[in-house]
Amino acid sequence: MKAAPFDYVAPDSIEAAVDHLARGGGESVVLAGGQTLMPLLALRMATPSVVVDINRIAELSGVSRLDGATRVGATTRQATILTDPTIAAHAPTLAQAVRNVGHHQTRNRGTVGGSVSLGEPAAELPATALALEAMIETRSPRGTRRIAAGDFYTGPYSTVLEPDELVVALHYPDLPANTLTLVHEVARRPGDFALTGFIGAFTVDGGAISRARISWLAMGPTPMRSPKAEAALVGQRVGQIDLDEIGRLAASETDPMDDGHASADYRRTAGARIFRRAVGQALETR
Amino acid sequence: MSDHKIRLTVDGGPVSKTVEARQTLGEFLRDGCGRTGVHLGCEHGVCGACTVIVDGKAVRSCLMLAVQADGTEVTTAQGLAAPDGTLSPVQQAMMDEHALQCGFCTPGVVMTMTALTAGGARPTEAEIKAAMSGHLCRCTGYQGIMRAARKLAGVNA
Ligand SMILES: Cc1cc2nc3c(=O)[nH]c(=O)nc-3n(C[C@@H](O)[C@H](O)[C@H](O)COP(=O)(O)OP(=O)(O)OC[C@H]3O[C@@H](n4cnc5c(N)ncnc54)[C@H](O)[C@@H]3O)c2cc1C
Ligand code: FES
Ligand code: FES
């Protein structure tokens with residue numbers, strides 16, 4: 001056995017799970033899909049004293065509609081996102097993003113809430129939450145709160161979540177009519193973590209862009225928006241946009257790292273190029 | 001460290017055992033159930049050799065705790081052939097298309113292919129490729145594996 005010894009509990013309610021977390025005093029950890037936590041345990045990079053398995057909490061799983069938004073329960077499997085009719089009808093961007101998350105076999109276990117909670121900088125779902133301006137619903141002994149995705153991430157694998165706070169669901173607000181969404185990334189092989197990538201949501205009104213949201217993955221310590229590029233796009237007429245310029249501006253608002261996988265320079269250059277190409281094609285063939 | 005009594009179905013037969021919380025499903029199947037056909041390679045989710053089917057879904061058995069399999073139905077590569085030794089269609093296709101050399105990745109590949117074609121499903125070329133991207137094979141160069149999968153799916157390449 002590779003993991004250090006731990007106690008395991010599998011509560012069947014949110015209250016009981018939060019109670020276990022509170023009593024653990026920072027020594028307990030949530031187990032959702034396990035597609036990141038299990039490797040961390042095997043490598044002994046995580047050595048919790050209690051593992052709180054949330055997979056038996058029925059109310060944490062499932063997709064529904066609520067107040068003009070699509071609500072995705074935290075333990076909804078990534079694979080479910082690919083086939084769920086409510087997602088296809090109201091939040092198809094999520095399915096576009098999930099297609100790039102790991103592999104068929106990891107998506108069968110991995111959860112939406114697990115990926116959002118983890119805050120891996122190169123992950124697709126945190127960046128998607130930012131671009132779609134999702135709200136993250138949590139529960140702790142102090143009650144329920146809703147945190148805007150834009151306020152959630154504080155650094156690599158760091159969020160504003162307290163040790164006794166559980167992510168319960170994600171709320172993805174409906175996009176305005178005539179919004180085109182894009183998910184593009186560069187990875188060594190399909191299923192690998194991205195070297196760079198972006199999620200875009202562009203609303204076109206009477207031939208001009210009326211709203212733009214751009215967020216990046218693998219381009220900084222957290223997923224990042226490009227507010228200047230978003231503002232620069234608004235009011236521009238489709239077909240007359242200098243996408244080279246906007247792509248460079250958008251990538252310049254990020255803070256990528258040099259590491260063994262790619263240099264910061266590569267990430268910015270490749271990021272700007274895929275932005276120009278993907279947005280150009282999408283707006284032309286709209 | 002807690003111990004847990006679990007009951008599950010492995011390759012069609014009931015199993016009831018006590019497991020340590022930290023034991024993975026892969027370890028449990030090998031050491032506790034004699035399913036050494038479950039190959040543990042990387043033990044952190046990257047290689048796919050440990051893939052088994054849990055309640056109809058192909059999953060990595062190194063990324064699940066044994067205790068989480070309580071109440072489930074698990075199928076390993078050792079549960080595919082008929083009792084008289086007749087190979088399953090996936091196993092036969094893998095053999096016919098020379099889709100293995102050392103055989104280390106094979107049980108995992110076979111389980112993904114089994115889940116993908118269950119109930120006569122006909123995955124597309126793109127779906128086969130996407131599912132197979134979850135497996136590393138150091139020997140074959142994947143061409144035989146892809147031929148076997150296409151044959152099962154009735155895809156002409
Ligand atoms: C081979 C492989 C390739 C992968 N490729 C990608 C990829 O390309 N892109 C990508 O984004 N991911 C990738 N992943 C990771 C992805 O599969 C995981 O699903 C995801 O990162 C974590 O989700 P999980 O449900 O498995 O969470 P777990 O592993 O169970 O948990 C992850 C972390 O989040 C915490 N947590 C989980 N749920 C909650 C909750 N509800 N509330 C509070 N805290 C919680 C846990 O305590 C833990 O710290 C890959 C994984 C593997 C094994
Ligand atoms: S042993 Fe499970 S994926 Fe490698
Ligand atoms: S046959 Fe040797 S690793 Fe695939």
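1. Domain 1 of chain A and domain 2 of chain A together bury about 1,200 Å², and 70% of that area lies on carbon and sulfur atoms; buried area here is the accessible area, found with a 1.4 Å probe, that two parts lose on being put together, summed over both. Within domain 1 of chain A, the residues that lose the most area to domain 2 of chain A are A:I14, A:V18 and A:Q35, which together account for 44% of what that side buries.

2. A word on the basis of these values: this is a predicted model, in which local features need pLDDT of at least 70 and side-chain atom pairs count only at pLDDT 80 or more, while totals for chains, interfaces and linings use all residues. Residues are numbered from 1 along each chain as its sequence is written, chains are lettered from A and ligands numbered from 1 in the order in which they are written, and side-chain values use heavy atoms, with hydrogens and water left out.

3. Chain A is divided into domain 1 (7-53), domain 2 (58-173) and domain 3 (179-284), with bounds that come from an automatic or database domain assignment. The contact, meaning heavy atoms within 4.5 Å, between domain 1 of chain A and domain 2 of chain A takes 13 residues from domain 1 and 17 residues from domain 2. The C-alpha centres of these two domains of chain A lie 18 Å apart.

4. How many salt bridges does the rule find across the interface of domain 1 of chain A and domain 2 of chain A? The rule, which asks for a side-chain nitrogen of Lys or Arg within 4 Å of a carboxyl oxygen of Asp or Glu, finds one across this interface. A:E15 forms a salt bridge with A:R139, and the closest N and O atoms of this pair are 2.9 Å apart. On the side of domain 1 of chain A that touches domain 2 of chain A, the largest share, six residues, comes from helix 1 (residues 14-24) of chain A; helices (H or I, at least four residues) and strands (E, at least two) are DSSP runs, numbered from the N terminus. By class, that side of domain 1 of chain A has seven nonpolar, five polar and one charged residues, where Ala, Val, Leu, Ile, Met, Phe, Trp, Tyr, Cys and Pro count as nonpolar, Asp, Glu, Lys and Arg as charged, and the others, Gly among them, as polar.

5. Turning to the two chains, the contact takes 30 residues from chain B and 29 residues from chain A. About 2,500 Å² is buried between chain B and chain A, and carbon and sulfur atoms give 59% of it. In chain B, the residues B:R22, B:L63 and B:Q68 lose the most area to chain A, together 28% of what that side buries.

6. Between chain B and chain A the count is one salt bridge, and the side chains of B:E43 and A:K2 meet in a salt bridge at 3.6 Å, N to O. There are also 13 residue pairs in polar contact between chain B and chain A, with both residues at pLDDT 80 or more; a polar contact is a pair of N or O atoms within 3.5 Å, and within protein one must be able to donate a hydrogen and the other to accept it, while residues adjacent in sequence count only if both atoms are side-chain atoms. Strand 4 (57-60) and helix 3 (106-116) of chain B are the elements that give two or more residues to the side of chain B that touches chain A, and strand 4 of chain B gives the largest share, four residues.

7. Where does ligand 1 lie? Ligand 1 lies between chains A and B. An oxygen atom of ligand 1 is 2.7 Å from a polar backbone atom of A:V30, and a polar side-chain atom of A:T36 lies 2.9 Å from an oxygen atom of ligand 1.

8. Chain B is assigned domain 1 (3-78) and domain 2 (89-153), and the C-alpha centres of these two domains of chain B lie 21 Å apart. Domain 1 of chain B and domain 2 of chain B bury about 1,100 Å² between them, 66% of it on carbon and sulfur atoms. Across their interface in chain B the rule finds zero salt bridges, whereas four residue pairs, both at pLDDT 80 or more, are in polar contact.

Technical notes. Near = heavy atom within 4 Å.
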